[in-house]
Every structure is written in C-alpha cells, then in structure tokens.
Amino acid sequence: MLNKQFSSNKRMIISALLLCTTLAQAQDTHTAIDSLIARTHRLGLFNGSILVINHGKEVYRKAIGYADASRKTPLTDQYRFHIGSIAKEFNATAVMMLKEQGKLSVNDPVSKYLPDLPAWAQTIRVKNLLQYTSGLPDLKWKTISNDREALDSLKSIPRLDFEPGTQYAYNNSNTLLQRLIVEKISGMTFRSFVTQKMLKPLKMNASIVDPDDNTPLMAKSYTDAFVQSPLTSPISGWTAVTPGDFYKWERALENFTLINPASTREILTPFAPRKQCGLGGGEMDGDKLATHTHDGTSLNYQALLTADARSGRTMILMTNNKQNNLYDISNAILNILDGKPYQQPKKVVLTALQDKIDTAPGAEILAAYRELKTSHPNEYNFESESTLNTIGYVLLNKKRFDDAILVFSYNTTLFPKSGNVFDSLAEAWYRKGDKANALLNYRRSLELDPANAAAKEKIAGLQKPD
C-alpha cells in the first residue's frame, strides 16, 4: 500500500512539475512576443491587432495603437480591419460553393454567365479568373467609383492583354467578374451571399461586408503623417473582420466547413510557383490543408495570415497604418515560438522610397536606395534580397519593364548566389518580350537553384522554335 501511495504521489509531483514548466514556457513566450510588439510599436512600425495560436491554443492576443488618425481612440480586439486581397478568398470560396451545388464549372466560359461582355469573354474560363490568368487588363481604378462604372470600363476593352491561361496578371478586373458571376448564379448580391452563406453559418458575427466611415468599431487607416483615408473602394464586396472572426475563417478552411478538399485544392493551386490564386498560397497534404499564407493591402491597411495546420499554428496580423513589414514581424514571432534567435523588425525601404518608386525612373530609385543605405545602414532592412525584389515587382506590375530590369539586375549583384533574384530578373525580361535575356537568366537561376521547377518549365518553353 505504501509503495502504491508513493508511486501515486510521485506521478502527481511529476505532473505538477510538467504543468509548471509548460506554464512557465507559455509565460516566457507571451513575454517575448509582447516585448517585440511593444518595441515595434514604440518605433512607429506597428499599429493594429495580433492573434497568435500555437498547438491549437491562443498564446498571444493584442490590440495596440489607435483606431484612427485622431489618436484619441485606442484600438481593442473588437475593431474590424480591411484585409485587402485576403477578402478575395470569399469570392473564390463562393465560386466553389456554387460549383459543388452543380451550378457552374470552373471550365465554363465567362460569357455563359455574363453574356453582355464583348466576344473576348467567350475565351476566358472561370478558372482563369481564379488564377488571374484571364488576360484582362487592369482598369484605371482611380477614375472608377462603383461596380457599374467598372463593368462599363470592361465592356469598352477591345481585346485582352494575352491569351487566357498563358500568362499571369494579378488585378481586380478578375475580382469584379468573380463577384458578378456569384451574383448572377445565386440571384443575391455578393454582400448578401457572403453574409448569409458564410459569415452567419460560421458565426463570424463581428464581420461586415463593405463598411463605411460611419460603421462602428471599424479601424480607420491613416498615413504616417496622420492623414486618414476615406473608406471608399471602386468596387464592392470587401469583407472586414476582427482577429477572432479571421481565425474562425481560417478554421473553416482547414475543417472544410464550406467547401470540400477537392475544391480547396482547386483554389489553392496557382498558375505558377510564387503566384497568387484564390486562397493566396499554401499546400495540401492529401485531403488536408497543410499550410496557408495570404497577405493583403488596401488604402493604408495591411493584413497577413500564416497558418500551419499540422502544428496547430495560426498567426494573424492586421494594421491600419501600413508599414510593409508584417512578414518581418511574423517571422520574428515564429522564431520566438520555436525558441530560435530573432531579428527585431526594422523600417522598410519600400515605405521610405514610395514617392520615388511612384514617379522616378529606375536609376533615381537605385540612387535613393544607395543613399538611404549609406545614411541609415542599421535603421532599415537591407539584409534581405526581398527588399529590392519587392520594389522590382512593384515596377513590373506597373509595366515599367526597363525600370524593373534595372532594379532586379542590381539585386543580382548584391545577392549573386540567389536563384530567386535571377528568376525575378528573367521574368522581367520575359514580360518585356526579350526571350534571349529571359532564357539566359532562367538558366542562371536553375544553376543556383536546381529545384526551381518553374525555371525548368520556362527554359523548355523558351527553347522551343517559334
């Protein structure tokens, strides 16, 4: 009896010690993340909400900073944020819901549902809209104020930029048509469809589609000069969420609450590596959603979701004061969770040079970059190849091919052993129409990174006779 009692007491002591150790580790993790966020906020590098889930349990939740440019109202985790392009997940999921109901096929031509569009709509498939390979040009959104004007602008387009399914071009022309197709098939406004078929069933009760300046508990975005941006958009259908509701959405995707694994795979598979698709990016492991990453920007809002369902880890970052640094913050937090050293987030070069990027030629952008690096070597993030690569892609997406090539080329001199930077340079040459230089740089990228399957595919295509 004494031995049994001793064994029982020993087990209780061990269990208590393990519990204390676990609690201490959780407290250490919380303290480390809180210190990181407090410092980042103090430097003016983060204003917003954060939610961190690890092993299926909440380990950190914080709202820090102000709800608007007046700096009079503190944020709480009850405030909603615009999440930019992440809101397009609701479009893609809606399309798949209708597909599972037998109401459409992703191989249907757009003209089947929107017959008033020009003849080019017969060549675009629904799948092309979901993968941003439709060939639709980007509209002049600054001159458009509502869905009708956007649709009229599309109707005036005489031809597509390229044959659907052959290239990638990310823009909201695809977003508009996705939402209009959902409306046409369902007989509901897109706002009503999202509210009735998604938000309510998932108990995302705090979320709202198309909030305006009078919507309560809506974080308002603003610049570093505390100039507030009005809550307007050229097209409708944007869902704003709280951190808690955002997590409910991610769990619904992982648990296939709204759509099945096959449909999820359909909108998680991009046209090419490192390109966006309906759900942003991620991987399936059989019939399970293994990882999911998506970022979005709108006005001065930015949002980032990263999830690894295999380890029960989800991180949500939302800000109403864009600093272009959410990946840096996310990576630091991930390292804290893994017990690894981490870097404190720094100011982002893209933000500092935004005016130059918008108006100056590539040579002036690089001159400003070098001057900033000389005068503030420790204040900004110059260590990552993504710093100039991001600027290059901003220019590339504006079709400023020569400027983008100049920036990408300079980046290859800074990171000569990176296959990724040569891949980016190759893409810029390709999009300019210079196949010889594209082939040269795709080959160099493959030499440095033999696992680059996309480069292999591009090389094979470029080597084919015209």
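Reader: Is E379 buried, exposed or partly exposed, and at what relative accessibility?
Author: In this predicted model, E379 has 31% relative accessibility, so E379 counts as partly exposed.

Reader: What does E379 form a salt bridge with?
Author: With K347; the closest N and O atoms are 2.6 Å apart. E379 lies in the loop between α12 and α13, and K347 in the loop between α9 and α10. The pair links distant parts of the chain, 32 residues apart.

Reader: How many salt bridges does the structure hold?
Author: The structure holds 21. One of them is between the side chains of R274 and D423, at 2.6 Å from N to O. R274 sits in the loop between α8 and β6 while D423 belongs to helix α15, so this pair ties together parts that are 149 residues apart in sequence.

Reader: Of those two, what about R274, buried or exposed?
Author: R274 counts as exposed, at 55% relative accessibility. D423 counts as buried, at 5%.

Reader: What do the side chains of K275 and E427 meet in?
Author: A salt bridge, also given as 2.6 Å, N to O. K275 is in the loop between α8 and β6 and E427 is in helix α15, so the pair ties together parts 152 residues apart in sequence.

Reader: K275, buried or exposed?
Author: K275 has a relative accessible area of 19%, and buried means under 20%, so K275 is buried. E427 is buried as well, at 11% relative accessibility.

Reader: Changing topic. How far apart are the mean positions of the positive and negative charges of the chain?
Author: They are 4 Å apart, for 56 positive and 47 negative charges.

Reader: What does the secondary structure come to?
Author: The chain has 17 helices and 9 strands. Its radius of gyration is 24 Å, close to the 23 Å from the globule rule for 466 residues, so the chain is as compact as a globular protein of that length.

Reader: What box do the C-alpha atoms fill?
Author: Roughly 90 × 55 × 50 Å, along the principal axes.

Reader: How much of the chain do buried residues make up?
Author: Buried residues make up 47% of the 466. The chain exposes about 22,300 Å², with carbon and sulfur atoms supplying 52% of that area.

Technical notes. Residues numbered from 1 in each chain as written. Predicted model: local features only at pLDDT ≥ 70, side-chain atom pairs only at ≥ 80, totals over all residues. Heavy atoms only, no water. Helix = DSSP H or I, 4+ residues; strand = E, 2+ residues; numbered from the N terminus. Rg over C-alpha atoms; globule rule 2.2 N^0.38 Å. Buried < 20%, exposed > 50% of the residue type's maximum accessible area, 1.4 Å probe, protein only. Areas by Shrake-Rupley, 256 points an atom, 1.4 Å probe, with all protein chains shown as cover. Lys, Arg positive; Asp, Glu negative; His and termini not counted. Charge placed at Lys NZ, Arg CZ, Asp CG, Glu CD. Salt bridge = Lys/Arg side-chain N within 4 Å of Asp/Glu carboxyl O.
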